[in-house]
Protein chains: 2
Amino acid sequence: MTAPRFLIVADGDFGPMTSKTANSIIRYHPERTAAVLDRQHAGRTVQEVLGFGGAIPIVGSMREGLALGPSSVLIGIAPKGGQLPAEWRAWLGEALDAGCDIWNGLHNFLSDDPTLAAKARARGRALHDLRQPPADLPIASGLAKAVDPLVVLTVGTDCNVGKMTAQLQLTRTLNERGIRTRFVPTGQTGIMIEGWGIAVDAVVADFIAGAAEWLTLEGSKQADVVLVEGQGSINHPGYSGVTLGLLHGSCPDALILCHQSSRQYIGDYREAAWLRIPPLADYVRLYESVAAAVHPTRVIGISLNTYDLSDVEARRMCDRAQQDTGLPTTDPVRFDSAPLVNAIADERTRYLRTRKAQ
Amino acid sequence: MTAPRFLIVADGDFGPMTSKTANSIIRYHPERTAAVLDRQHAGRTVQEVLGFGGAIPIVGSMREGLALGPSSVLIGIAPKGGQLPAEWRAWLGEALDAGCDIWNGLHNFLSDDPTLAAKARARGRALHDLRQPPADLPIASGLAKAVDPLVVLTVGTDCNVGKMTAQLQLTRTLNERGIRTRFVPTGQTGIMIEGWGIAVDAVVADFIAGAAEWLTLEGSKQADVVLVEGQGSINHPGYSGVTLGLLHGSCPDALILCHQSSRQYIGDYREAAWLRIPPLADYVRLYESVAAAVHPTRVIGISLNTYDLSDVEARRMCDRAQQDTGLPTTDPVRFDSAPLVNAIADERTRYLRTRKAQ
């Protein structure tokens, strides 16, 4: 199949920290992005809003967007309240009429919407519900601890701090160094970028670890290193169960802790300022101790997201995190990713030596 | 509605440790149990197989069972492999023809089976799929930490060690002492016993904590103490995500750690003897530290399941656990539940004092 050309819907919420799915598609597949639909920023370029993405236009209506000839419409943000607004449903209907497929990463499946499903059928278009889990997932049984490659999982201090982005950057650099590295997508955005994966937050709760195990086994084929995309955070009041199932199911040999430097509170509860993000060293201890209850592992580096800081500030944050934890630290998007790439390469050497010794 | 009279299907797996759902219904609602269907033990009484349950007969065929006039057939074990055997489907068809409803706690819903669903419709009978989660569950937002009653969650060293049974025993005794106590069912068996609840292992992964929060709020109405049924274990390779989501979503003020004294390995992996169960004191530390990342709590007692030990051995296990952890310990089914009941009552006094002081 030919690569899709996306019109990304991010109406009302397009921005550096708000439209995570849209931004990741633009970062990793700018060539696939025809335009972004957001009435608030219509007329500007993506570069002007995000600080990357170049001349990709932002349009103010579905009609303008469709005129640019996309093959697919991709839902690039979660609408407020979680439900698809009536206006968006009308847009998606227009897009199907114009011959587009739809890519949807929301918890609500478009194939469950009788009107859109009927229209897609009639027009011969596809509704890709990327969070729809496969049938017959296994219960995890520890198979992931026996795979050949080194398995590295990103873990976070919160949601939306850069766990996927870190792995994508590192995958690229490790492969450039000749270390065969595969990225394992565990969320809808990663799946959109890679074309395979399972959204582990959308499976039935008993199968979180089983999905993680299946993904790790699948990613291990013909790879030296497997970089598993992390989800949520071990202290996230809503999503910690997904985080732990992923941690225990993928049996990682090493962890990279991801943090957004300017964030002080667990994000989804920012208004209430409920949960202050504890020091990174506390996260290191907590992740290592709870992981070790199933499979021993250790944090080998810190990945910071410093998008909203000055260069000087960003550098200072990296230095401080490195001091506080004693671990190699970088922002792999902004600075050289070498500290983390080296940490993974060294860990792989150690891992191969230990394996041989056994 | 009148209480159901169950014919419990436990064919091929009826026994003290194998048929958890069947056994719990029999323990808490013997008056609702007309018979058990198990060809292997047909002709014996439930008492002879389980050590409790009295003269309830075990029959060897659906026809014999239906002749005893049950109002409902209840699936009391998980069939090997998880799929409903063809033979069982035929039995359930017979039961619907005879005018029975079906109670099903399996992950597979009978209402998704076209043949059984059509037959139930035609006969006007109900298929109760108890693991079917409600629509529109919330994402947890910390509401459970603000409820009025003292919230106590059971946590375990493994699955199937007595987390539900402990809470049911304690609910009964606390109410007898005049402390208004409500049991909150989080699994299919608890739901069968209480007539309400959510099977938190069957919700979409992102909503585990949200389901736990909803249940805790619901259980808090007109109660002094809420006893939440725990699930799985923090170090269970398959189910730990459910355990943590429940722990963070219900924001318990206190925990009771449950263990089956004779068990050495995490149960579902017994053949591989993969994961040795660590000392109880390690569990206390791990549960408290991972819970505190969202809401501070502490383990206030140990509940042992000693069903397979002699009286002397059982008493010795309680003494040893109490020594190892410094916490009040009992087997609330076998011995006096007072040590745990007192621990909860004391914790409630302390809790009310702290609240008042704030």
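A salt bridge here is a side-chain nitrogen of Lys or Arg within 4 Å of a carboxyl oxygen of Asp or Glu. I started with that rule at the interface of chain A and chain B, and it finds zero salt bridges there.

**Ground rules**

I am working with a predicted model: local features need pLDDT of at least 70, side-chain atom pairs count only at pLDDT 80 or more, and totals for chains, interfaces and linings use all residues. Residues are numbered from 1 along each chain as its sequence is written, chains are lettered from A and ligands numbered from 1 in the order in which they are written, and side-chain values use heavy atoms, with hydrogens and water left out.

**Chain A against chain B**

I looked up the contact next (heavy atoms within 4.5 Å). Chain A puts in 37 residues and chain B 37 residues. The size of an interface is often given as the accessible area lost when the parts come together. So I took the buried area, meaning the accessible area (1.4 Å probe) that two parts lose on being put together, summed over both. For chain A and chain B I get about 2900 Å², with 63% from carbon and sulfur atoms. Ala205(A), Asp206(A) and Trp274(A) supply 19% of what chain A buries against chain B, more than any other three residues.

Then I checked polar contacts: pairs of N or O atoms within 3.5 Å, where within protein one must be able to donate a hydrogen and the other to accept it, and residues adjacent in sequence count only if both atoms are side-chain atoms. Eight residue pairs are in polar contact across this interface (both at pLDDT 80 or more).

I went by DSSP runs for helices (H or I, at least four residues) and strands (E, at least two), numbered from the N terminus. The elements giving two or more residues to the side of chain A that touches chain B are α8 (208–219), α9 (240–250) and α10 (280–292) of chain A. α9(A) gives the most, with six residues.

**Inside chain A: two domains**

An automatic or database domain assignment sets the bounds. For chain A I noted domain 1 (6–129) and domain 2 (143–357). Their C-alpha centres lie 28 Å apart. I find 16 residues of domain 1 of chain A in contact with 16 residues of domain 2 of chain A. Between them these domains bury about 1500 Å², 63% of it on carbon and sulfur atoms. On the domain 1 side, Met17(A), Lys20(A) and Tyr28(A) lose the most area to domain 2, together 43% of what that side buries.

I traced the domain 1 side to elements that give two or more residues: α1 (20–28), β4 (72–75) and β5 (101–104) of chain A. The largest share, six residues, comes from α1(A).

Arg334(A) is in the loop between β12 (329–330) and α12 (338–357) of chain A and Asp311(A) in helix α11 (residues 311–325) of chain A, so the pair ties together parts 23 residues apart in sequence.

**A sheet in chain B**

I treat two strands as paired if DSSP finds at least two bridges between them. Six strands of chain B form an open sheet with parallel pairing, in the order β8-β9-β7-β10-β11-β12. β8 (181–184) and β12 (329–330) of chain B stand at the edges with a single partner strand each, so one side of each has no neighbour in the sheet. Seven bridges join β10 (residues 254–260) to β11 (residues 298–305) of chain B. Ala254(B) sits opposite Arg298(B) in β11(B).
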